[in-house]
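User: Please examine the structure shown below and answer some questions about its disulfides and surface.

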Amino acid sequence: MSNSGSDEFNCTFNLNYDDGSVRELPFAGKNWWKWPILNWGDIRTPYHFEKYGASTNWNSTQIFQVSVSIPSRAALQSITFPQTANMPDRLHIFAVSMTPSVVPASAPTSPMLSVRSVQFSTRWENVNGQRAQAVAITLANLLPGSMATSTSASINSKYEVEVIGEGLTTVTPGMVYRLVPADQARFDVLVLNDNGTGNGTVRVKDAQGNVVGTSEGWPIIPLRETWTADESVLATHEPPTWWNQAKYGIFIHWGVFSVPAWGPPHEYAEWYDWYLHNPANSSSKTWVHHLDTYGPDVVYDDFIANFTASKWNASAWLDLFDEAGAKYFVIVTKHHDGYSLFDTKNTTHRSSVYLHPYRDFVKELMETAKAEKPNLHRGTYYSLPEWFNPYYFQYGFGVWPGGLAHNAFDASELEPYTGMLNITDYVEDLQYPHMLSLALDYGTEIMWCDIGGPNKTLEFAAEFYNNAAQNGYQVTMNDRCGAVPDFDTPEYATFASLSTRRWETSEGMDPYSYGLNTATNASEYKNGTTIIQTLVDVVSKNGNYLLDVGPTAEGEIIAPMADNLLAAGKWLKYAGECVYATDYWYQASQDPTGSFRFLTTPQTFCIVAFNKPTNGSVVVNAGGVVLPIQHGDAIRLLGPNSPAAFSDDGGLEWRMEEDGVLTIDVPEDQVDQVDYAWAFQVSYALF
């Protein structure tokens with residue numbers, strides 16, 4: 001895909017059926033090239049041509065693959081591609097393949113199963129003291145959607161899936177409890193892989209232990225034990241299962257920029273130093289604000305003395321994150337201003353350890369988290385470039401030029417870069433050692449880089465992954481380190497449709513800024529409704545949600561931010577079963593009106609309503625797609641006083657029409673107990 005500047009591309013296909021109906025199929029994708037933040041496609045080339053081959057663009061080119069569901073209640077006649085002829089955006093489609101439904105000659109007596117994919121992954125779980133490799137499997141029911149309400153055409157009991165082959169022992173089979181026509185199930189089979197060779201076979205057993213299907217010819221790939229600084233090796237790395245299941249994290253932007261803590265609307269407050277100098281005149285609102293507030297004699301580095309952290313309490317932060325329902329956090333260890341919150345040793349002394357307030361905040365937070373909140377996974381943000389570091393000048397690009405800043409009010413003077421030490425090369429002597437230290441000394445589980453650009457990420461990633469493996473845990477790295485990303489990181493963005501590639505959107509509590517912006521009214525911060533509905537929307541499309549707080553220079557997370565986080569956390573306490581460890585629903589992430597989101601687990605299906613149910617019922621129309629709900633299933637509204645899962649109370653009354661429209665009767669007193677979003681959890685009846 002090519003797009004005029006944006007990182008995401010959204011369009012709509014029309015599906016035309018032989019009964020005359022037309023259905024819109026939304027599609028979201030990534031730009032085919034983007035630098036320095038890396039888009040990572042399934043097929044990659046080192047360059048692409050421009051102007052019909054007249055010139056070469058040496059940015060890496062990406063071709064992406066995505067799998068989407070085509071509703072099959074009627075036979076598909078044709079597909080109309082998006083109209084982009086008169087638009088600056090283009091969608092380049094290199095290949096399309098479809099798996100047709102299998103239409104039986106008579107009423108089906110069993111599901112028509114097909115193993116769609118088998119991946120011997122780099123993920124593992126500890127099973128009885130041994131590392132069991134996760135084999136990711138997708139199992140489809142190829143019967144058409146018109147048969148989705150038929151119990152005989154569906155899996156309605158516990159099916160087990162195992163993988164057999166030379167050197168393989170299945171220790172935890174995959175489980176499938178419900179699979180209706182036109183749907184897919186994704187699950188892991190855990191195997192002990194003793195350097196297995198050849199091809200593996202997937203074997204499916206029904207509830208009575210009978211083998212009902214096999215699929216052969218899947219190449220066995222041993223669990224990787226050692227990582228080398230080679231792109232072809234590192235590109236196989238994946239986000240660990242814990243990250244996939246966590247769904248929700250807290251971002252923390254805290255540093256010298258927290259002292260002025262100011263920015264005009266639609267600007268990052270953490271970019272104060274850049275906007276003070278660019279442009280250094282009255283057309284910059286930041287420049288005017290600085291002149292009016294501090295005068296012309298105060299430079300950015302003077303704020304270091306006021307970064308006191310005098311009220312900072314690591315335990316209080318972690319308690320808040322935990323109560324908010326987050327499963328991980330990512331702290332900014334160094335932003336583009338070059339001031340670090342960890343021990344930078346002999347690379348530079350532009351750090352809170354060597355300058356005011358003389359504390360290693362990253363160490364304190366990490367150690368406190370390990371001791372008090374072992375359930376919270378620990379991550380670190382690191383900016384690869386620095387705006388005004390003289391040693392970055394040779395690598396400078398765009399708005400990260402390197403070189404000392406000229407005084408914003410007297411261009412003849414250069415501003416200091418406090419704490420700088422003499423080094424030879426920025427990447428070799430500063431950036432790379434910093435990243436290694438965060439991995440090896442501080443034990444980060446998430447390396448969340450920013451900006452990309454020149455780097456030694458291949459060397460770093462090998463060290464990062466090897467160290468984690470040797471110490472018995474699994475780690476991950478985002479797409480802004482410049483190479484071999486595990487997941488994508490759009491900002492303030494949600495997709496119109498699901499992405500089969502792992503992604504994580506980040507947003508501030510502030511409507512635009514990540515760092516604290518005192519110019520923002522507290523009423524503008526994300527409230528419980530916005531937080532929960534954004535989280536559910538993102539998760540339904542295979543993403544994670546990283547929500548940012550900007551503490552004060554004293555180290556406090558102000559009440560309007562904290563209160564809204566806690567409000568969302570209350571919802572997650574009673575409805576988190578429809579968020580954590582869920583998977584997207586293959587047939588639709590949301591209904592056509594955008595009022596409902598759909599999520600799955602092996603034994604449940606979740607319908608999350610964004611509009612408060614009224615008049616004692618809620619009507620769910622997935623746009624012609626039949627929800628995987630069948631006779632005997634129990635539906636309950638998750639709330640503060642909802643009954644336990646799989647209880648014998650029968651749940652709420654519900655009915656499904658022939659056209660797939662679901663109506664759930666729900667008492668208003670239950671509805672009124674719930675805020676922000678209404679999660680209806682379907683528990684499958686097993687036969």
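User: Are Cys 578 and Cys 606 buried or exposed?

Analyst: This is a predicted model, in which local features need pLDDT of at least 70 and side-chain atom pairs count only at pLDDT 80 or more, while totals for chains, interfaces and linings use all residues. Residues are numbered from 1 along each chain as its sequence is written, and side-chain values use heavy atoms, with hydrogens and water left out. Buried means under 20% relative accessible area, exposed over 50% and partly exposed in between, with a 1.4 Å probe and protein chains only. By this scale, both Cys 578 and Cys 606 are buried.

User: How far apart are the sulfur atoms of Cys 578 and Cys 606, and how many residues apart in sequence are the parts that this pair ties together?

Analyst: The two residues form a disulfide (a pair of cysteine sulfur atoms within 2.5 Å), and the sulfur atoms of Cys 578 and Cys 606 are 2.0 Å apart. Cys 578 lies in the loop between α10 (559–575) and β25 (583–584), and Cys 606 in strand β27 (residues 604–609), so the parts tied together are separated in sequence by 28 residues. Helices (H or I, at least four residues) and strands (E, at least two) are DSSP runs, numbered from the N terminus.

User: Is the disulfide of Cys 578 and Cys 606 left-handed or right-handed?

Analyst: The handedness follows from the torsion about the S-S bond. For Cys 578 and Cys 606 this torsion is about -80°, so the disulfide is left-handed.

User: Which parts of the chain does the disulfide of Cys 449 and Cys 481 tie together?

Analyst: The sulfur atoms of Cys 449 and Cys 481 are 1.9 Å apart, and the link is right-handed, with 85° about the S-S bond. Because Cys 449 lies in one part and Cys 481 in another, 32 residues apart in sequence, the pair ties together strand β21 (residues 446–450) and the loop between β22 (476–477) and β23 (503–508).

User: What pattern do the disulfides of the protein chain follow?

Analyst: The structure holds 2 disulfides. With bonded cysteines counted along the chain, the pattern is 1-2, 3-4.

User: Is Lys 363 buried, partly exposed or exposed?

Analyst: Lys 363 belongs to helix α6 (residues 361–372). Its C-alpha atom is separated by 9.6 Å from that of Leu 438, 75 residues away along the chain. With a relative accessible area of 41%, Lys 363 is partly exposed.

User: Where is Ile 93 found?

Analyst: At 36% relative accessibility, Ile 93 counts as partly exposed. The place of Ile 93 is the loop between β7 (76–80) and β8 (113–127).
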